[in-house]
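User: Could you go through this structure with me, taking one topic at a time? I'll ask as we go along.

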Amino acid sequence: MLLTSIQFPNLHINIENLPKSFSLFGIDIAFYGLIIATGMICGILIACREAKRTGQNPNHYLDFAIYAIIFSVIGARIYYVVFSWDYYKNNLSEIINIRNGGLAIYGAIIAGVLTCFIYTRIKKMSFRTFCDTAILGLMVGQIIGRWGNFFNREAFGGVTPDGNPLAMRIYFDQYYHTYQVPQAVAAGMQEMTGKTMEQLGYIQVQPTFLYESLWNLALLVVILIFRKKKKFEGEVTLWYVMGYGLGRAIIEGFRTDQLIMPMTGWPVSQFLSIVLLTAALIVWGVIRYKIMLKTKTKK
């Protein structure tokens with residue numbers, strides 16, 4: 001199994017004895033699940049605060065959160081299992097085991113959007129206004145939730161040279177490295193250092209979970225600054241889709257644990273990011289153009 005040490009050598013950060021879980025009253029609690037839960041709670045609080053700021057009823061968002069959390073977790077797991085079916089078809093009992101990860105954010109987003117659409121229809125609320133408010137909570141949840149991958153030693157990228165200031169070293173038990181370290185990473189480490197995995201005892205990779213967390217943080221800051229300047233309901237959501245789609249399309253290219261679309265060889269999240277980015281950009285451009293024409297006509 002992977003050992004408990006993680007280093008960021010260029011940042012002079014050395015974290016020792018970092019386990020994946022801890023015991024509380026005899027119950028093992030995974031940091032992955034704890035961090036995901038923390039992200040959800042913080043996201044809900046942010047959405048409620050934004051609702052209050054814009055004159056909406058925060059209770060609507062609290063009620064929605066109950067349904068959204070349930071169906072988003074289910075959606076995230078279904079998405080992951082579908083695109084990892086070669087493994088799960090022979091390990092059906094593992095489908096419901098999420099303690100070791102295996103939740104895909106796009107599955108959660110898709111399920112969350114569908115839940116939001118149905119919820120706002122039932123409540124007779126504006127779907128676009130609701131999305132513009134809830135999307136801030138989603139981003140906060142993503143920023144925090146990505147750190148669950150850090151504790152699980154997953155969602156990392158390929159080998160990165162010593163010059164990368166964010167280079168991350170993950171130490172592993174030499175006996176188990178043959179199936180825990182992706183072959184491409186093992187080959188890359190040997191090419192870069194001239195040493196075998198047994199001699200090294202660690203891999204030095206791109207911390208793509210960190211890249212995405214920082215990207216989402218930057219995106220959130222930009223949206224918080226400009227959200228008062230939106231010209232139509234739903235524009236904040238489109239900004240998010242464009243921004244997140246661009247970042248994810250780039251970052252996904254660094255990862256070594258991509259979910260692949262059957263018969264294409266394409267990383268499914270990268271493909272979906274590009275599609276969503278393009279679609280959102282077109283919709284945003286068309287609506288903005290129509291608003292501009294109406295403004296000129298009135299003048």
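User: Which helices do the buried residues of H4 pack against?

Analyst: They pack against helix H2 (58-82), helix H5 (127-145), helix H11 (235-252) and helix H12 (268-298), where contact means heavy atoms within 4.5 Å and helices are DSSP runs (H or I, at least four residues) numbered from the N terminus. This is a predicted model, in which local features need pLDDT of at least 70, side-chain atom pairs count only at pLDDT 80 or more, and totals for chains, interfaces and linings use all residues. Residues are numbered from 1 along each chain as its sequence is written, and side-chain values use heavy atoms, with hydrogens and water left out.

User: And which residues of H4 are buried?

Analyst: The buried residues are Tyr106, Gly107, Ala108, Ile109, Ala111, Gly112, Thr115, Cys116, Tyr119 and Thr120; buried means under 20% relative accessible area, exposed over 50% and partly exposed in between, with a 1.4 Å probe and protein chains only.

User: What happens just after H4?

Analyst: Lys124, which follows H4 directly, takes a positive phi of about 55°.

User: Switching to rings, how many aromatic pairs are there?

Analyst: A search of the whole structure finds 20 aromatic pairs, counting rings of Phe, Tyr and Trp (its six-membered ring) whose centres lie within 6.5 Å, with planes under 30 degrees apart called stacked, over 60 edge-to-face and the rest tilted. For Phe64 and Tyr119, the ring centres are 5.5 Å apart and the planes are at 55°, so this pair is tilted. The pair links distant parts of the chain, since Phe64 is in helix H2 and Tyr119 in helix H4, 55 residues apart.

User: Are those two buried or exposed?

Analyst: Both Phe64 and Tyr119 are buried. Another pair, Trp147 and Phe150, is edge-to-face, at 5.5 Å centre to centre with 70° between the planes.

User: Where do Trp147 and Phe150 lie?

Analyst: Both lie in helix H6 (residues 147-152), three residues apart, which is about one turn of the helix. Trp147 is partly exposed, with a relative accessible area of 30%, whereas Phe150 counts as buried at 7%. Trp147 and Phe150 also belong to one aromatic cluster with Phe8, Phe22, Phe31, Phe151 and Phe209.

User: Back to H11, what about Glu235: buried or exposed?

Analyst: Glu235, which lies in helix H11, is buried, with a relative accessible area of 0%. Leaving aside neighbours within four places in sequence, Glu235 is in contact with Asp132, Lys230, Trp284 and Arg288.

Notes: Helix = DSSP H or I, 4+ residues; strand = E, 2+ residues; numbered from the N terminus.
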